[in-house]
Amino acid sequence: MVRWSQLDEKSQSVAENIFSTIATARFLQGSDDAVEAVSFMELRHAARHSENPISQSLVAALSKNSRLQCDFYRLIRDGSVCCFSRQAAADSGETIHRKTGNYQIRLCPSKVEQKQVYVVIALEQEKNVVPNAMFIFKSGSLLVKKALSSPHDGVIQILDYADSDLVLALKDQETEIYLNES
C-alpha cells in the first residue's frame with residue numbers, strides 16, 4: 001500500500017480529483033451515502049490543517065460512516081510524526097504521562113488554579129519534527145483535534161481545565177494520541 005505522504009504533488013492532485021469525482025458520482029446517483037457524502041479533499045483538509053476545526057457536517061458523517069472513519073484515521077496515522085498507543089492498565093485508571101521515541105506528554109496540575117491542568121509536550125531532541133496538531137482517538141473514533149503552538153525550549157504547553165475533553169481524553173488509557181505536522 002502506498003501512503004499519501006509518499007506521493008508527489010502531481011499524484012496527490014490526481015488522486016484528489018478522482019476521489020472528488022467518485023463522491024460527486026455517488027451524490028448524482030442518489031446512493032444511500034449521498035446524504036453523508038464527504039469529499040476526500042474535505043477529509044484531507046480536516047486531517048492536514050491544524051488551525052481549522054472539523055466541520056459539524058464532517059463530525060456527523062464520521063459518526064455515521066465507519067468506512068469514512070477508517071479513511072480519516074488512516075490519514076491521521078499516515079501523517080503523524082509520532083503515536084502514543086493505548087496504555088496498559090494501571091492501578092489508578094488514569095494516565096498522566098506518556099512517552100514514545102523522542103516525544104513525551106505529561107499532565108501537570110496548575111499550582112495557581114486547581115481546576116486547571118498544563119498539558120506539556122516535550123520534544124526531547126532539537127532535531128525532532130515539530131508537530132502542529134494533536135488528534136486523540138478511542139476505538140478509531142475521533143475524540144479531540146487540537147492545534148498546537150510552536151515550542152519554546154523544546155516544550156509545547158497547553159493550559160486547559162481538568163474536566164475538558166482534551167484532558168479527559170489524555171487521561172484515558174484506551175486512547176491513541178497522534179502528533180501531526182501539516
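Colleague: Which residue in E6 is the bridge partner of Ala133?

Modeller: In this predicted model, Ala133 has Ala147 of E6 as its bridge partner. Ala133 belongs to strand E5, which runs over 133-138, and Ala147 belongs to strand E6, which runs over 141-147.

Colleague: Where do E5 and E6 stand in the open sheet, and what makes a strand in it an edge strand?

Modeller: The open sheet is formed by four strands in the order E1-E8-E5-E6, with antiparallel pairing. Strand E1 (80-84) and E6 are its edge strands, since each of them pairs on one side only. From one strand to the next, the twist averages 20°.

Colleague: How many aromatic pairs are there, and why is the pair of Phe72 and Phe135 called edge-to-face?

Modeller: With ring centres required to lie within 6.5 Å, the count is five aromatic pairs. For Phe72 and Phe135 the ring centres are 6.4 Å apart and the planes stand at 80°; as edge-to-face asks for over 60 degrees, the pair is therefore edge-to-face. Phe72 lies in helix H4 and Phe135 in strand E5, so this pair ties together parts of the chain that are 63 residues apart in sequence. Phe72 and Phe135 are both buried.

Colleague: What makes the pair of Phe137 and Tyr178 edge-to-face?

Modeller: The ring centres of Phe137 and Tyr178 are 6.0 Å apart and their planes are at 85°, so this pair is edge-to-face, given the limit of over 60 degrees. Phe137 is in strand E5 and Tyr178 in strand E8 (residues 175-180), so that the pair links distant parts of the chain, 41 residues apart.

Colleague: Why does Gln114 count as exposed, and why does Gln125 count as partly exposed?

Modeller: Exposed means over 50% relative accessible area, and Gln114, at 76% relative accessibility, therefore counts as exposed. Buried would need under 20%, so Gln125, at 35% relative accessibility, falls in between and counts as partly exposed. Gln114 is found in the loop between strand E3 (103-109) and E4, and its C-alpha atom is separated by 8.3 Å from that of Ala162, 48 residues apart along the chain. Gln125 lies in the loop between strand E4 (116-123) and strand E5; Gln125 and Tyr103 are 22 residues apart in sequence and 8.4 Å apart in space, C-alpha to C-alpha.

Colleague: What is the volume of the second largest pocket, and which residues that line it are the closest to its centre?

Modeller: The second largest pocket has a volume of about 290 Å³. It is lined by 18 residues, and the closest to its centre are Ile54, Val59, Leu142, Leu143 and Lys145. Helix H3 (56-64), helix H4 (66-78) and strand E6 are the elements that give two or more residues to this lining, and E6 gives the most, with seven residues.

Colleague: How do the residues of the lining of the second largest pocket divide?

Modeller: The lining of the second largest pocket has ten nonpolar, five polar and three charged residues. Lys counts as charged, whereas Ile, Val and Leu count as nonpolar.

Terms used: Residues are numbered from 1 along each chain as its sequence is written. This is a predicted model: local features need pLDDT of at least 70, side-chain atom pairs count only at pLDDT 80 or more; totals for chains, interfaces and linings use all residues. Side-chain values use heavy atoms; hydrogens and water are left out. On a 1 Å grid over the protein atoms alone, a cavity is a set of points where a 1.4 Å probe fits but cannot get out, and a pocket is an open set with protein on both sides within 12 Å along at least five of seven lines; lining residues have an atom within 4 Å of a point. Grid points are joined across faces, edges and corners, and a volume is the space filled by probe spheres set on the points. Buried means under 20% relative accessible area, exposed over 50%, partly exposed in between (1.4 Å probe, protein chains only). Rings of Phe, Tyr and Trp (its six-membered ring) pair if their centres lie within 6.5 Å; planes under 30 degrees apart count as stacked, over 60 as edge-to-face and the rest as tilted. Two strands pair if DSSP finds at least two bridges between them. Axes are lines fitted to C-alpha atoms, for helices over the stretch in contact, and angles run from 0 to 180 degrees between N-to-C directions.
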